[in-house]
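Reader: I would like to learn how to read a model of this kind. Please take one feature at a time.

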Protein chains: 2
Amino acid sequence: METVITIRQAVMAEDEKCAFRVRETLKERKILGVNIIGSPGCGKTTLLEQTAAHIERESPFSFLVIEGDVETARDAQRLAAANVEALQINTKGACHLEAHVIENALQTLGFSSARYRRDLDVIFIENVGNLVCPAEFDLGEDFKVAVSSVPEGADKPLKYPMLFSQAAVVLLTKVDLLPYVKFDKALFARDVKALNPKAPIMELDLTSGAGLESWIAFIAKRLEEKRHVV
Amino acid sequence: METVITIRQAVMAEDEKCAFRVRETLKERKILGVNIIGSPGCGKTTLLEQTAAHIERESPFSFLVIEGDVETARDAQRLAAANVEALQINTKGACHLEAHVIENALQTLGFSSARYRRDLDVIFIENVGNLVCPAEFDLGEDFKVAVSSVPEGADKPLKYPMLFSQAAVVLLTKVDLLPYVKFDKALFARDVKALNPKAPIMELDLTSGAGLESWIAFIAKRLEEKRHVV
């Protein structure tokens, strides 16, 4: 078992170097990298579709998406239909994205070309739908976002503490279903706060778009802060 | 990388031996082992609570639960409150259960004692909430059950094909939410059938209990079949 652990550490150390390089590239270009993590079907792709729709007029930032799924290109197709540039990654069985995949994705996107010099502000990475493993891997992002939907139940933060304690912001989606399911909002808020006192919880209804302004303002503010770091 | 793969194969081979021993034990005792897999919050624990409530009168079979979670004992506590014997396993970060954990759990339960000789029919294993990794591991069960809930969306089978292609039955939970969310039932059924032509899809509303009879009859039938295998 000791050999396994040693080799695992070596593999992870190699990936940490990739994460470092991704982070340096994003820093140099003043691009915000956001790693979005949540259960299957919690609304990650819908969040990005709705973000695109809501920023269309005022355009506080431009973005592209690196889309992680075990299989299918459905999410990238949905985003393309919403006029969002998206690169689909299929992990073919793997339950999370790793930094070397992101580094390759940036190369595939032609990230070193002049095209991305001026007009790209944010890269959203939609991780594989999974509350456990993606939280363990640094992709070189600026911060992680935890997405949790009302029908999943209010007990998720303590059951999946790694993600909720690391996230810079917690998005509670599908609040339009609150009248139809049991969900203890006070418990959810208390458990998130116990794990992660600083992370705001934002309630979102992605069918009506209610709550999206807070999310968009949060991203715009973090982008602004990154631009002013010397 | 080659060394990593070789060691991984060795570790998995060791776990396959555990799975074999679990399967042999269950076979000898004519106990049905059922591995329940689904996303966080899809209704796995509620299914077991409701199963207990529904079989109380007619008592077609008795069961206990091995409860897998990354953290917390909440699910075992919920089951205890429903008078279900449950052993909580905390994986402390691991995203799935493995056969050696089940073998240990059977020992912890005092499985070799006379107590379980006569009156136990089914062991339900509630796996960690995750659609990806648990599908890769044989726990020594008789079959896997895929649980997918309506609010997760109809695109899950093709996005997580390993689970849906292996499952002996697919439970579509939270059908009471169909009026409030977009869910293409025909697409879901078509994709499940393409991956797994034999697996029935059972629709469940675990708030009213609608559909539970089919699930309970399915378990009772598989138990009966196992008892008649020489």
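Reader: Which residues of helix H8 of chain B are buried?

Author: A residue counts as buried if 20 or more other C-beta atoms lie within 10 Å of its own, as exposed if 12 or fewer do, and as partly exposed in between, with C-beta atoms placed from the backbone. In helix H8 (residues 185-195) of chain B, the buried residues are Phe188(B), Asp191(B), Val192(B) and Leu195(B). Seen down the axis of H8(B), they fall within an arc of 100 degrees, so they line one face of the helix. The arc is that of the directions from the helix axis to the C-beta atoms. This is a predicted model, in which local features need pLDDT of at least 70, side-chain atom pairs count only at pLDDT 80 or more, and totals for chains, interfaces and linings use all residues. Residues are numbered from 1 along each chain as its sequence is written, and chains are lettered from A and ligands numbered from 1 in the order in which they are written.

Reader: What covers the buried residues of H8(B)?

Author: Helices (H or I, at least four residues) and strands (E, at least two) are DSSP runs, numbered from the N terminus. The cover of H8(B) includes helix H6 (156-159), helix H7 (161-166), strand S6 (169-173) and strand S7 (201-203) of chain B.

Reader: How many residues of chain A are in contact with chain B?

Author: Two residues are in contact if their C-beta atoms, placed from the backbone, lie within 7 Å. Here 34 residues of chain A are in contact with 34 residues of chain B. On the side of chain A that touches chain B, helix H1 (2-29), helix H6 (156-159) and helix H7 (161-166) each supply at least two residues. H1(A) gives the largest share, four residues.

Reader: What rotation superposes chain A on chain B?

Author: Two copies of a chain are related by a rotation about an axis and a shift along it. Copies are superposed by least squares on the C-alpha atoms of residues with pLDDT of at least 70 in both. For chain A on chain B, the rotation is 180 degrees with 0.0 Å of shift along its axis (RMSD 0.0 Å). That is the relation of a two-fold axis. The same surface serves both copies, since 100% of the contact residues of chain A recur in chain B.

Reader: Which residue of chain A comes closest to the rotation axis?

Author: Asn130(A) does, with its C-alpha at 3.0 Å.

Reader: How many helices and strands does chain A have?

Author: Chain A has nine helices and seven strands. Of its 230 residues, 46% count as buried.
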